[in-house]
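Hi,

Here is the structure I promised to pass on. Have a look at it first, and then read my notes below.

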Amino acid sequence: MTAQVAYADVEPGTELPSRSFPVDRARLVRYAGASGDFNPIHWNERFAKDVGLPDVIAHGMFTMAEAARVVTDWTGDPGALVEYGVRFTKPVVVPDDEEGAVIEVAAKVAKKLDDEERTVQIDLTVTSAGTKVLGMSRAVVRLA
């Protein structure tokens with residue numbers, strides 16, 4: 001696969017399509033099985049509250065991966081993602097109800113990095129329930 005977005009077609013400020021990712025307890029249990037991270041703070045409300053959390057929280061790496069989907073979906077090629085990093089600032093609290101939580105992701109091209117390599121920096125804003133949950137969320141992608 002190769003990126004579907006051409007380097008020549010983007011400029012700093014180009015916005016990527018925003019996305020909302022629903023998160024419920026069942027999704028967290030499936031992620032725990034796939035990742036091998038069965039920490040009870042991600043599925044057991046009593047345990048999460050006993051250790052001082054407001055409720056069950058989403059895995060940090062799950063949150064990070066969902067946010068990265070905005071970038072990889074935009075490029076059309078997951079292999080176009082060259083670098084990706086975040087700071088975990090607040091947890092995504094996932095209540096045990098019909099709605100769960102929602103991770104909201106907005107992203108834009110921050111700058112062009114290398115004309116020869118066709119790389120750009122993407123800055124992401126990741127929130128849940130109006131609170132920023134990932135800070136310094138940045139990706140570098142290689143475009144067509």
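Helices (H or I, at least four residues) and strands (E, at least two) are DSSP runs, numbered from the N terminus. This is a predicted model, in which local features need pLDDT of at least 70 and side-chain atom pairs count only at pLDDT 80 or more, while totals for chains, interfaces and linings use all residues. Residues are numbered from 1 along each chain as its sequence is written, and side-chain values use heavy atoms, with hydrogens and water left out.

Let's start with the sheet. It is open and has five strands in the order β1-β3-β4-β5-β2, with antiparallel pairing; two strands pair if DSSP finds at least two bridges between them. At the edges are β1 (15-23) and β2 (81-88), each pairing on one side only. From one strand to the next, the twist averages 20°. Axes here are lines fitted to C-alpha atoms, for helices over the stretch in contact, and angles run from 0 to 180 degrees between N-to-C directions.

Strands β3 (residues 101-114) and β4 (residues 119-128) run antiparallel and are joined by nine bridges. In this pair, lysine 112 stands opposite valine 120 in β4.

Now for the helix. Helix α3 (residues 60-75) lies across β1, β2, β3, β4 and β5 (131-142), and runs at about 145° to β1. Valine 70 lies in this helix. Its relative accessible area is 2%, so valine 70 is buried (under 20%; exposed is over 50%, partly exposed in between, with a 1.4 Å probe and protein chains only). Not counting residues up to four places away in sequence, valine 70 touches Leu16, Pro17, Arg19, Phe21, Val105 and Ala107, where contact means heavy atoms within 4.5 Å.

Best wishes
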